[in-house]
2 protein chains.
Amino acid sequence: MLAAFAAGSCIAGVLTRSATAAAPVLWCRKVLPGGRARALVVNAGNANAFTGAVGERAVAATAVAAAAAIGCAPGEVLVASTGVIGEPLPVDNITAAIAGLAINVPGVATARAADFHAAATAITTTDTFAKGATATAAIAGTQVNINGIAKGSGMVAPDMATMLAFVFTDAAIAPAALRSCLRAAVDESFHCITVDGDTSTSDTVLLAATGAAGNRKVAGAAALGDFRRALNKVCTDLAVQVVRDGEGAAKLIRVEISGARSDASARRAALAVANSPLVKTAIAGGDANWGRVVMALGKSGEALVARRMRIQIGGVTVAERGARAANYGKRAEAAVTRHLAGREVTLSAHLGAGRGRARVWTCDLTHGYIRINADYRT
Amino acid sequence: MLAAFAAGSCIAGVLTRSATAAAPVLWCRKVLPGGRARALVVNAGNANAFTGAVGERAVAATAVAAAAAIGCAPGEVLVASTGVIGEPLPVDNITAAIAGLAINVPGVATARAADFHAAATAITTTDTFAKGATATAAIAGTQVNINGIAKGSGMVAPDMATMLAFVFTDAAIAPAALRSCLRAAVDESFHCITVDGDTSTSDTVLLAATGAAGNRKVAGAAALGDFRRALNKVCTDLAVQVVRDGEGAAKLIRVEISGARSDASARRAALAVANSPLVKTAIAGGDANWGRVVMALGKSGEALVARRMRIQIGGVTVAERGARAANYGKRAEAAVTRHLAGREVTLSAHLGAGRGRARVWTCDLTHGYIRINADYRT
């Protein structure tokens, strides 16, 4: 996948914090501080990770080829790769294809829905559907557009930019303000999802702003309230799509924590629930086994006061004051079981220890995850 | 399961650190500091966890019934429960059965192999086999015996005493020395295993010393070298049995880390590998996808120097100096694939960052885990 940005476009990014980050991530770490980019090249199937100096040369060759085709400097080309770790990247296949791609590529400012769909499809691996989201916002009276694409769908864990997501806007926004907008949006979206608690070596989220909308370039935060709201919406939409298409997932699970000591504590507790294999398999089986939520909160290490805790599934209170709810009988359990039979499940817990809140998304853990991952590479 | 200890027996224990610990764990926390015990009552099927004041009364009723049957104080009775969380314990079933059990119970000092096997069987839930281990040691010239039983097999995570394990010895050892021996043994055994990264609300490891062997009671550490070695062996044997019988497990996986900044760092890195669903599913599928080990080490947050790293599977070097090993070709991959087809898999990684070492055990993640846990309670 090749995306071309008009001259003068600004770029911001959030990259994996993995200590074994892939070669394209190391490249992006060098390019992003400049805040300028003219092209993005993405391949799927090979992550070019743990490939040493050979891998770094492959990224440079990709950037040189794209720069020649687009007419820019190699340092204005971003690269992202996703797929198998540790295999040498057959980079000649990429460099040979770039010139042909460059002839046909519409600048992102003129790309249509079909183009974004094709781009989203090109970057998939085990994804079962192409992921896109769109929104508009007003900046000082000018309408701007935001279009994003993303891929999942395993090796997805929070606390880093998760997997690949690329968001394009025709707004004119200077690099520092763009970075601030992206950081905030990622914290609310990609940092709040988990499929399997495993973190990719290739995680990359980029936001490119071409300026084609014609608003006066924004450098401060004052005029960006509506843009931030729209960007958060696009990123959250994409993040939830990634979870909904988690490997083998049949259900989308929303975990809501309140009453934690702090928002950060709430997020850690929510992730302990969202990453628990026993919670995720119970939901896969449609089993109202809320004791596993208790277990996951207990192991999280976060402050809680058992006798003040409350747990709800699909809005039904299953436990309160440190034990099964007094009126949680056969009828209430049947309501919970009906909720769990659906495609969207909500687990809520109040920890009784403060006012911290968080919500994260995950998916159930099914035979499909095992099937996909026990035989992915071979 | 009821175990009776001779008058004068000493006890040590390690309990879950879960913030939602079960009622029997709360009870044991009060009894253990005294260092004395006469009886142990264990039930399987209901964990008596998150059951509030009703649950605490159920434990007290169990202790009172056992104390009456054995002829001791309730404060000399230890209780452990394992099973579903959040359901009220039908304690009358237990108190009604205790008198009959007490008539038949052999003191642990006179129990035979068949008795330990029956006890190990009584405490199983999803375990597929009863777990026991035995060893002898010399204390100041007197031979003493150590017999242990344990149960798994899901909700097994390290960093706490894991699941239920009960070790009995006829040695005479004072409480403080007994605690020191048990702490050290648990650190090397139960704290080094993981099945699913989920931590039970009921984890309990107890070590009872009856003194029937007739050695002069030991209060210091000097005479206990051989006993410690034998105890470590019994605990490690039991811990590995728990992992080998992990829910749905087909393979036992040993993860060895060297070259970490410290032993503690090595252990965290090893657990990141051992808890990675992607590593565990690759091994389930017999897939030599060593890139997932790279991913897990990268996400662990532990110090590593990629260009000095080395990864081996079954003794075959698959990666070194930050990339695929130069001589890792079709023949070497075939050797790794043969190793992965076996029942025991060894993954080794050198992090190139120091001299820290650790080894942990886990199991593969299979369809069996999903099958067992998507429909456990109902």
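The legends below describe close-up views of a predicted model. Local features need pLDDT of at least 70 and side-chain atom pairs count only at pLDDT 80 or more, while totals for chains, interfaces and linings use all residues; side-chain values use heavy atoms, with hydrogens and water left out. Residues are numbered from 1 along each chain as its sequence is written, and chains are lettered from A in the order in which they are written.

View 1. Chain A is superposed on chain B by a rotation of 180 degrees with 0.0 Å of shift along the axis, at an RMSD of 0.0 Å. In chain A, the residue that comes closest to the rotation axis is A:His367, with its C-alpha at 2.8 Å. Both copies use the same surface, as 98% of the contact residues of chain A recur in chain B.

**View 2. The interface of chain A and chain B.** Contact (heavy atoms within 4.5 Å) joins 53 residues of chain A to 52 residues of chain B. The buried area, which is the accessible area (1.4 Å probe) that two parts lose on being put together, summed over both, is about 4600 Å². Carbon and sulfur atoms give 60% of that area.

**View 3. A salt bridge between A:Glu87 and B:Arg324.** The N to O distance between these two side chains is 3.0 Å. A salt bridge requires a side-chain nitrogen of Lys or Arg within 4 Å of a carboxyl oxygen of Asp or Glu. Two salt bridges are found across the interface of chain A and chain B.

**View 4. Helix H7 of chain A, residues 263-274.** Helices (H or I, at least four residues) and strands (E, at least two) are DSSP runs, numbered from the N terminus. The expected span is 1.5 Å times one less than the number of residues; for the 12 residues of H7 this gives 16 Å, and the end C-alpha atoms are 16 Å apart, which agrees. Buried residues (under 20% relative accessible area, 1.4 Å probe, protein chains only) of H7(A) include A:Ser265, A:Ala269 and A:Val273. The buried residues of H7(A) pack against elements of chain A including strand S9 (252-260) and helix H8 (277-284).

**View 5. Cysteines A:Cys28 and B:Cys10.** The structure holds zero disulfides over all chains, a disulfide being a pair of cysteine sulfur atoms within 2.5 Å. The closest cysteine sulfur to that of A:Cys28 is in A:Cys72, 14 Å away and too far for a bond. For B:Cys10, the nearest cysteine sulfur is that of B:Cys181, at 12 Å. A:Cys28 is buried at 0% relative accessibility, and B:Cys10 is buried at 2%.

Key: Buried means under 20% relative accessible area, exposed over 50%, partly exposed in between (1.4 Å probe, protein chains only). Copies are superposed by least squares on the C-alpha atoms of residues with pLDDT of at least 70 in both.
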